[in-house]
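Dear colleague,

Please find the structure below, together with its sequence. A summary of the findings follows.

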Amino acid sequence: MSDTLGFLIGDVSRLLRREFDLRARRIGVTRAQWRTLKILTRHEGSNQGTLADLLEVEPITLARMIDRLEEAGLVERRRDPADRRAWRIHLTDAAQPLLAQLRDLGDSMLDEMLIGISPDDQRRLLRSLEQIRANLSAPEMQREAANG
């Protein structure tokens, strides 16, 4: 079962990403841009290093992404008052309508994805996935992964 469950989770994740990419492209956004904007909604004012860690990308990759988002008027860099060398990243007001569109896109996709699954089963699925995430995020798992 472990191979089947792991492959199934991976397959669902891949299909979900692919479908989201198709829909997001229709409104002119890549998944990488969406992820960056979404992380910023949760961590507004973070520096680029922190955001790179949260997104699990290299700092130079994030810097290019922030450059594009800044050119589009969706984010702005502000000097860090505590460290003149650092920049804090903030969403602009122009990002809010796009974030609302992306939220609606995600909600409609989720509704379609869950067709035929009862509300009780949806809640059980969510609780199970949250538990799996917690198990995989536990310090013991992190140490085991680091130690090979």
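Which residues lie nearest the centre of the largest pocket? They are Leu 16, Leu 110, Met 113, Leu 129 and Arg 133, among 37 lining residues.

This is a predicted model, in which local features need pLDDT of at least 70 and side-chain atom pairs pLDDT 80 or more, while totals for chains, interfaces and linings use all residues. Residues are numbered from 1 along each chain as its sequence is written, and side-chain values use heavy atoms, without hydrogens and water.

A pocket here is an open set of points on a 1 Å grid over the protein atoms alone, where a 1.4 Å probe fits, with protein on both sides within 12 Å along at least five of seven lines; lining residues have an atom within 4 Å of a point. Helix H6 (119-137) provides the largest share of the lining, twelve residues. The lining comprises 21 nonpolar, six polar and ten charged residues.

Arg 77 is placed in strand E1 (residues 75-80). Its side chain makes a polar contact (N or O atoms within 3.5 Å, one able to donate a hydrogen and the other to accept it) with the side chain of Gln 48, at 2.8 Å. A polar atom of the Arg 77 side chain also lies 3.3 Å from the backbone oxygen of Ala 63.

Yours sincerely

Technical notes: Helices (H or I, at least four residues) and strands (E, at least two) are DSSP runs, numbered from the N terminus. Ala, Val, Leu, Ile, Met, Phe, Trp, Tyr, Cys and Pro count as nonpolar, Asp, Glu, Lys and Arg as charged, and the others, Gly among them, as polar.
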